[in-house]
Every structure is written in structure tokens, then in C-alpha cells.
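Keep the sequence and the 3D view open while reading.

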Amino acid sequence: MKKTLLITGGAGFIGSHVVRQFVTNYPDYFIVNIDKLTYAGNLENLKDLEDAENYRFEKIDIVSPAEIDSVFNRYKVDGVIHLAAESHVDRSIANPLDFVFTNVVGTVNLLNACLKNWKSNFQGRLFYHISTDEVYGSLDQGGYFIESTPYDPKSPYSASKASSDHFIRAYSNTYKLPVIISNCSNNYGPNQFPEKLIPLAINNIKNNKHIPIYGKGENIRDWLYVIDHARAIDLIFHRGTSGETYNIGGNNEWQNIDLIRLLCKVMDKKLDKAEGLSAKLITYVKDRAGHDLRYAIDSGKLRQELHWEPSVTFEQGLELTVDWYLNNEEWIKNITTGEYEKYYQTQYANR
Ligand code: NAD
Ligand code: TYD
């Protein structure tokens, strides 16, 4: 008997790598990818899997309980790996309600569908939420986020993710629904929408446009290669303990400005430009409102209990990422026309 897994948000950046990880490594599983295909969802991310026998795509909005029901009625769902979300902090500052609908209401709709369809027979079932380290707030005084760090979200995005995490724990406590949550640091890699720092900078350098650095560029993030996140999700889904939380991070902190300087060097080399040319595009712009200073994850629990380690260094991952963007011009061209241009103009016009 095949296990049927629902992966939500599988047409997005991280979701597409998770879908590939499961479709490729588990031919005995049937993977149903449900995604609304917002601006961030792109079926081109999954072109290589279109004909896989153990894979199906369903265009579904998780804000609609009826659409979710239609999926649960057609497939005997054994597990959910939930990634569908509005994911960009700047958009959450401009339109917080979109984040409440998808990230909070959408998550509760999925939880309700699991309760209804699993009917308290939770044996072999799991609801696994892919969350973010941003729920813990900002580490202005040093230290690291551990799994028991109190939640202190500071942006509408992180508040919506924190809220969804709280609902998941409430369903675990109240209804005994088997759940796992993992909170991961900033991802980078192929297929990331160029609204996020690294792909935006790669795209701008390629097109000889300014690289906008918010504030003084001193904010710190911990970066993880997306495929290492997908590997961690695989491990946690199979070997994690129900009811537990796992932090995932690269142990790889960078100030934004240092990261961008390193990226500029890689781009100079790849584009055969004189050293220092890309860095000339760096432009300091108005800071993000309420900009979190530092995120840093202690992923010791995952490393010790489940023996996970990242497979690439940051330098390797960055080079793989740059190569991917330079080799996939069509992918980036298709998504940076029209809506993206409008977004860019509004987002960066007054900075
Ligand atoms: P993304 O924005 O690239 O993809 C999100 C996907 O969700 C898209 O395919 C989109 O179409 C889909 N979606 C949005 N609203 C939907 C709806 N109402 N119904 C169905 N599908 C919908 O995001 P990502 O960067 O791949 O992040 C995936 C998940 O991982 C998110 O939950 C995010 O909070 C979490 N996360 C991301 C990072 C990161 O650095 N990107 C880090 C930690 C955790
Ligand atoms: P981002 O990729 O949006 O991820 P997050 O806000 O979830 O950490 O941003 C990463 C860091 O880069 C963050 O400190 C904001 C900063 N940043 C810029 O300086 N310029 C930009 O154009 C963007 C998009 C982000």
C-alpha cells in the first residue's frame, strides 16, 4: 500500500525541493502537491517531475475549506507537510491581511481537514509544519535561538507564522493530533523568487542595476542551502518525534553587507568582469520598518538526535546558486516581467 503525502506550497521555492526530495527518494509514496500558484508558485520549478507516476499537482487555495475537502475526498491522505504560505517580510508590511488568511486561516483549515478525515485514528499520521526562526524575534543581545526560546515575532510575517505554530500546538494538546514543527533559518538556492536578498542581488548585478541594501547592511542572518533544508525535512518527517520541535540552521551567520560583497566577487568571476565592478552597484537605501537585527539558530538538537549536517559550505552553495541563475535565464525572465516589475517599482521607489 502506498502512503499518500500532501505537500502544500510545493510549487514555491523550498516546497519544490521538498517535492523532488520525496518523489525521487520514495517511489512507494504518492505525493500530492497542492498549491494556489500565487506570484511565488511556479510549476516550471517541477518540470522534471511532471511525468513521475507517484506525483500529482492540484491547484488549491488552502484558505478555502471546500477546496481542501475536495482533495481529502479524492485522496486517502496519510500525512501533510505544510509549506504553503505568504513568505516575504516586505510584502507582509504592505499587506498584513494576506498573511493572516493564508498563514493562519489556511493552516487551521488544513488542521481541521486532518482532524475530520483521520477521525482520531492517528496511527501512522503526521501533520508537519515548516516554520521559520523569525517566530523567536530578533537577537539584539547575542545568543542563539533554541527550541524553547519564547516566541516574540516582530513583523506581520513572523506574527502570522507564530500564530500558525500556536494553532498546531493547540491541536496537538487539545485533539492529540500528531504534529511536528521545524523552524529554519534563511534559505538560499535555485528557484528562489527574486524578491529575497540573494536572488534579487544576483538578478540586479546581472542586469547592471543597483543592489539595494537596507539601512547600514549590518543585519545578520544565518543562511542554509535549500537542498540541505529539504534533507532535514525528510529526516525529521521520518525520524522525528511527534509533538517535538526542531530548529534547523546552517551555523552560518553573515552581515548582509559582507554577504553581498562575497556575492559580488563570485559574480565578477562568473561574468568575467574586473574585480570590484559588481560591488560598485551596492546602494544603501531606507531601512525596512522594524527590521530584525539578528537571527541565529542553534540546531544542536537536530544534529545530535538525528545526525543531520549540511552537505555544502556557504561558498559552495553560493556558487551553485549563482551558476543556477546564470544558466536559467528563461526561468528568471518569465517571472520578472509584468507583476514583478510593478512590485519592484512600488517596493523600492521611495527607498
Ligand atoms: P515561497 O513564497 O517561495 O512559496 C510559497 C508557496 O505557497 C508558493 O508556491 C505559493 O503559490 C503557495 N501558496 C501561497 N498561498 C497559498 C494558498 N493560499 N494556498 C495554496 N498555496 C499557496 O516560500 P518559501 O520560501 O518556499 O517558503 C516555504 C515555507 O517555508 C513557508 O511556510 C515559509 O514560511 C517557510 N520558511 C521559509 C524560509 C526561507 O528562507 N524562504 C525559511 C524558513 C521557513
Ligand atoms: P530577505 O531575503 O527578505 O529575508 P528575511 O527578511 O526573511 O530575513 O532579507 C534578508 C536580509 O536582507 C534582511 O536583513 C533584509 C535585507 N534586504 C536588503 O538589505 N535589501 C533587499 O532588497 C532585501 C530584499 C533584503
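Which elements do the buried residues of H8 pack against? They pack against H6, S8, S9, strand S11 (253-255), S12 and H10. The model is a predicted one, and the values below are computed from it.

**Helix H8 and the cores**

Helix H8 has 15 residues. From its first C-alpha to its last it reaches 21 Å, close to the 21 Å expected at 1.5 Å a residue. The buried residues in H8 are Asn-256, Ile-257, Leu-259, Ile-260, Leu-263, Cys-264, Val-266, Met-267 and Asp-268. An α-helix has 3.6 residues a turn, so residues three or four places apart point the same way. After H8 comes Asp-272, which has a positive phi, near 55°.

The largest nonpolar core of the model contains 35 residues. Within this core, the residues with the most contacts are Ile-198, Ile-211, Ile-260, Leu-263 and Phe-314. At least two core residues come from each of these elements: helix H6 (197-206), strand S8 (211-214), strand S9 (220-225), helix H8 (256-270), strand S12 (282-285), helix H10 (314-327), helix H11 (329-335) and helix H12 (339-349). The most is given by H8, with seven residues.

Phe-314 can be looked at on its own. Apart from its neighbours within four places in sequence, Phe-314 is in contact with Tyr-188, Ile-198, Trp-223, Asn-252, Trp-254, Leu-259 and Leu-262. There is also a second, separate core, made of 33 residues, and among them are Leu-5, Ile-81, Tyr-128 and Tyr-246.

**Salt bridges**

How many salt bridges does a search of the whole structure find? The search finds 19.

| Salt bridge | Closest N and O atoms |
|---|---|
| Arg-20 and Asp-48 | 2.8 Å apart |
| Glu-253 and Arg-294 | 2.7 Å apart |
| Arg-303 and Glu-309 | 3.0 Å apart |

Take the salt bridge of Arg-20 with Asp-48. Arg-20 is in helix H1 (residues 13-25), while Asp-48 is in the loop between strand S2 (29-35) and strand S3 (55-59), so the pair ties together parts that are 28 residues apart in sequence. Arg-20 has a relative accessible area of 22%, so it is partly exposed. Asp-48, at 52% relative accessibility, counts as exposed.

The salt bridge of Glu-253 with Arg-294 also links distant parts of the chain. Glu-253 belongs to strand S11, and Arg-294 to the loop between S12 and helix H9 (300-306), 41 residues apart. Is Arg-294 buried or exposed? With a relative accessible area of 10%, Arg-294 is buried.

In the salt bridge of Arg-303 with Glu-309, Arg-303 counts as buried because its relative accessibility is 19%, and buried means under 20%. Glu-309 is partly exposed, with a relative accessible area of 44%. Elsewhere, Asp-90, Arg-288 and Arg-351 are joined into one network by salt bridges that share partners.

**At the surface**

Leu-97, Val-100, Phe-101 and Val-105 make a nonpolar surface patch of about 320 Å². One of these residues, Val-100, has its place in helix H4 (residues 96-118). Val-100 counts as partly exposed, at 36% relative accessibility.

Lys-59 is part of strand S3. Its relative accessible area is 55%, so Lys-59 is exposed. Leaving out residues up to four places away in sequence, Lys-59 touches Asp-35, Lys-36, Leu-37 and Glu-67. Lys-59 and Val-80 are 21 residues apart along the chain, and their C-alpha atoms are separated by 16 Å.

Where is Gly-142 placed? Gly-142 lies in the loop between strand S5 (126-132) and helix H5 (156-175). At 36% relative accessibility, this glycine, Gly-142, counts as partly exposed. From Gly-142 to Ala-230 there are 88 residues in sequence and 28 Å in space, C-alpha to C-alpha.

Key:
Residues numbered from 1 in each chain as written. Chains lettered and ligands numbered in written order. Predicted model: local features only at pLDDT ≥ 70, side-chain atom pairs only at ≥ 80, totals over all residues. Heavy atoms only, no water. Patch = residues over 30% accessible without salt bridge, like charges linked within 9 Å, V, L, I, M, F, W, Y side chains within 5 Å. Areas by Shrake-Rupley, 256 points an atom, 1.4 Å probe, with all protein chains shown as cover. Salt bridge = Lys/Arg side-chain N within 4 Å of Asp/Glu carboxyl O. Helix = DSSP H or I, 4+ residues; strand = E, 2+ residues; numbered from the N terminus. Buried < 20%, exposed > 50% of the residue type's maximum accessible area, 1.4 Å probe, protein only. Core = buried A, V, L, I, M, F, W, Y, C linked by side-chain atoms within 4.5 Å. Contact = heavy atoms within 4.5 Å. Expected span 1.5 Å × (residues − 1).
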